[in-house]
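This briefing is for a reader who is meeting the structure for the first time. Please look over the sequence and the model before going on to the notes.

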Amino acid sequence: MRARGLVNLRAVLAPVAAGMCVMAAAAAVLVPSLGGGAGEEGPGRGGAAAPAVTHRAYGPGAGRPAVAKCTARNAAESLRPSPDDGAAVSRIKEKGQLVVGVDQNTYRWGYRNPATGKLEGFDIELARAVAEDILGPHPKVVFKAVPTSQRIPALQRRTVDLVVRTMTINCARKEQVAFSTAYFQAGQQVLAPKASKVTAFDDSLRGKRVCTAAGSTGESELSARRHGAKVLTVPNQLDCLVRLQLGEADAVVTDNALAAAQAAQDPAVELKGKPFTDEPYGVAMNKGDTDLVRRVNKVLDDYRGEGGADSRWMRAYRTWLEDDLPGISGPPSPEYSD
C-alpha cells in the first residue's frame, strides 16, 4: 500500500530544503539496496503474469544499427528488443548487481516512503523488472540518487548501468546517451498556487519567479520562451515545490506527470493550462551499450504485455499513478529504428 503521509509538506520539508539540495548535489551518493530488490515485494505487486512475448535474436555485430538523423518525429525510436547477452549485459551479470540512477524525492515515481524507509514508485518498479530479467529472481539492485543535471554524466562515467528517472527522450540527449523505447508519455505544464493569477505557459508568467530543475526540458523551454519570467533553477524538481511553499517562487514548469505528483502532496497548488510539449520517458544507458538497450526494450515489451488491463505496466500504473493521472488506458507504443 502507498504511504499517505505526504499531503502537507510545508512543516516537513521547509527545514530540510537546504539539506535536500546538498544531498542532490552529491550525484554519486549510494542509496542502499532495498533488501535484495524485486524479491522483496514480488513481481508486479500481485496479479497474473502478462502473456509471453517472442523476441528476435540478434547475432554478433547486430548491435551497430545504421545511423539515422534524429528529428522530433523519430526521436523516440530505439533498437528492436533482443534477449541476447552482449558486453554490457555480461558485465552486469559478472558484477552480480544492477546499478541504477534514480530519484528519491519524486512522489509516485521514485521516493523514499517515510513509513518504511524504502524506495518506491513507478520508476523504481520498472528498474526492478529490468534487474529481474538480467539477474533472475531476487536480484541485487543498487540505487544511486542522481540529480536531474547529473543523469547524463553518471551514464557517461559508467557510475550507473542505466537511469530510470522520468527522463525525456530527445535528440539533444541522444547525442550523448542511448534510450529505450518510451515507457510513459508526459508533457510540460505549469504548476502554481490555486489562487495565483498564472493561467498557463503564457504571458501570465511575466514578472513571476518560475522554478525548474537544472538540466531538465523545462529549463530548455524556459530558455527558449521565458514569457517575461525570472527563471530559478534547482537540482531537483521537489526543491521547486519547497520554493513555491516558502514563497520563494510563484510557479513551476515541469512535466505534468511530476507536477501532478507534487499537487498530490500539496492541495494548495494545481496544474495550470494544458501541456505544451511532448515528453516521452525512456530508460537511459551509455551510448555504447547497444546490447543493454535491446535487452531493456525486451523487458519493456514484456512489461507492456499484450496491452491488456492485467499487464505489469497497467498494474504499476494503477498502483502509483492513476489517482493523480487518471484516464490513461495503456503505455505508449514502441517505435523502432531498425
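How do the residues lining the second largest pocket divide into nonpolar, polar and charged? They split into 9 nonpolar, 6 polar and 5 charged residues. The structure is a predicted model.

- The volume of the second largest pocket is about 410 Å³.
- Its lining is made up of 20 residues, and those nearest the centre of the pocket are Ala-72, Ala-75, Ile-169, Asp-278 and Pro-280.
- Two or more lining residues come from each of strand E8 (177–186), helix H7 (217–224) and strand E14 (279–286).

**Strand E14 and its partners**

- Strand E14 is largely enclosed by the rest of the structure, because 8 of its 8 residues are buried.
- E8 and E14 run antiparallel and are joined by 7 bridges.
- Within this part of the model, Gln-185 stands opposite Pro-280 in E14; Pro-280 is also one of the residues nearest the centre of the second largest pocket.
- Strand E7 (residues 162–163) is joined to E14 by 2 bridges, and these two strands also run antiparallel.
- Leu-162 has Met-285 as its bridge partner in E14.

**A sheet of 3 strands**

- Strands E3, E4 and E5 form an open sheet in the order E3-E4-E5, with antiparallel pairing.
- Strand E3 (105–106) and strand E5 (119–120) are the edge strands, each pairing on one side only.
- Strand E4 (residues 110–112) is joined to E5 by 2 bridges, and Arg-112 has Leu-119 in E5 as its bridge partner.
- In general, strands of a sheet pair through backbone hydrogen bonds, in either a parallel or an antiparallel way.

**Nonpolar cores**

- The largest nonpolar core contains 47 residues.
- The residues with the most contacts inside this core are Val-100, Trp-109, Phe-122, Leu-162, Tyr-183, Phe-184 and Leu-292.
- Helix H4 (residues 122–135) gives the most to this core, contributing 8 residues.
- A second, separate core has 14 residues, among them Ala-154, Val-160, Phe-179 and Ala-284.
- Leaving out residues up to four places away in sequence, Leu-292 touches Ala-88, Val-89, Ile-92, Ile-134, Asp-161, Leu-162 and Met-285.
- Two of these contacts of Leu-292, Leu-162 and Met-285, are also bridge partners of each other.

**Pro-332**

- Pro-332 is found in the segment after helix H11 (312–320).
- Pro-332 has a relative accessibility of 18%, so it counts as buried.
- Along the chain, Pro-332 and Phe-184 are 148 residues apart, while their C-alpha atoms are separated by 6.1 Å.
- Apart from residues up to four places away in sequence, Pro-332 touches Ala-182, Tyr-183, Phe-184, Gln-185 and Arg-304.
- Among these contacts, Tyr-183 and Phe-184 also belong to the residues with the most contacts inside the largest nonpolar core.

**Gln-237**

- Gln-237 is part of helix H8 (residues 237–245).
- Gln-237 counts as buried because its relative accessibility is 7%.
- With neighbours within four places in sequence set aside, Gln-237 is in contact with Thr-212, Ala-213, Ser-216, Val-252, Val-253, Thr-254, Leu-258 and Gln-262.

Definitions and conventions: Residues are numbered from 1 along each chain as its sequence is written. This is a predicted model: local features need pLDDT of at least 70, side-chain atom pairs count only at pLDDT 80 or more; totals for chains, interfaces and linings use all residues. Side-chain values use heavy atoms; hydrogens and water are left out. A nonpolar core is a set of buried Ala, Val, Leu, Ile, Met, Phe, Trp, Tyr and Cys residues joined through side-chain atoms within 4.5 Å. Buried means under 20% relative accessible area, exposed over 50%, partly exposed in between (1.4 Å probe, protein chains only). Helices (H or I, at least four residues) and strands (E, at least two) are DSSP runs, numbered from the N terminus. Contact means heavy atoms within 4.5 Å. Two strands pair if DSSP finds at least two bridges between them. On a 1 Å grid over the protein atoms alone, a cavity is a set of points where a 1.4 Å probe fits but cannot get out, and a pocket is an open set with protein on both sides within 12 Å along at least five of seven lines; lining residues have an atom within 4 Å of a point. Grid points are joined across faces, edges and corners, and a volume is the space filled by probe spheres set on the points. Ala, Val, Leu, Ile, Met, Phe, Trp, Tyr, Cys and Pro count as nonpolar, Asp, Glu, Lys and Arg as charged, and the others, Gly among them, as polar.
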